[in-house]
Amino acid sequence: MSQAQISQAYVIEVSDRTAGIVVSDKSGFCFFSSDRAFDGLDGGYFGSARAAERAVRALLQQRRQSRRQPSTPSNI
């Protein structure tokens, strides 16, 4: 009889947004996006739930910074 592996799952919320969940398995913590803004991380593996949260925060910060920068005309 094999011993069942218990998975851990955590919801990741940043700035009052639910970014997704991470679920543990033998490879680490897999991120599942629940918000299109975080689809770039969907299916990604992280060493811990905290590492996934840091990646979500970094992606959100990157998006905020790119919106603040003035656009440059492409035909210069």
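User: Which residue in β4 is the bridge partner of Cys-30?

Analyst: This is a predicted model, in which local features need pLDDT of at least 70 and side-chain atom pairs count only at pLDDT 80 or more, while totals for chains, interfaces and linings use all residues. Residues are numbered from 1 along each chain as its sequence is written, and side-chain values use heavy atoms, with hydrogens and water left out. Strands are DSSP runs of E with at least two residues, helices are runs of H or I with at least four, and both are numbered from the N terminus; two strands pair if DSSP finds at least two bridges between them. Strand β3 and strand β4 (residues 45-46) pair in the antiparallel sense over 2 bridges, and the β4 partner of Cys-30 is Tyr-45.

User: Over how many bridges do β2 and β3 pair?

Analyst: A hairpin of 2 residues joins β2 to β3, and Gly-20 stands opposite Ser-33 in β3. Strand β2 spans residues 17-25, and its antiparallel pairing with β3 extends over 6 bridges.

User: Which strands stand at the edges of the sheet?

Analyst: The 4 strands form an open, antiparallel sheet in the order β1-β2-β3-β4. Two of these strands each have a single partner, so one side of each is left without a neighbour in the sheet; they are β1 (9-14) and β4.

User: How many of the 6 residues of β3 are buried?

Analyst: Buried means under 20% relative accessible area, exposed means over 50%, and partly exposed lies in between (1.4 Å probe, protein chains only). Of the 76 residues of the protein chain, 30% count as buried. Strand β3 (residues 28-33) is mostly covered, and its count of buried residues is 5.

User: In which helix does Arg-63 lie, and is this residue buried or partly exposed?

Analyst: Along the sequence the protein chain follows the pattern β-β-β-β-α, with 1 helix and 4 strands. Arg-63 lies in helix α1, which covers residues 49-68. Because its relative accessibility is 37%, Arg-63 counts as partly exposed.
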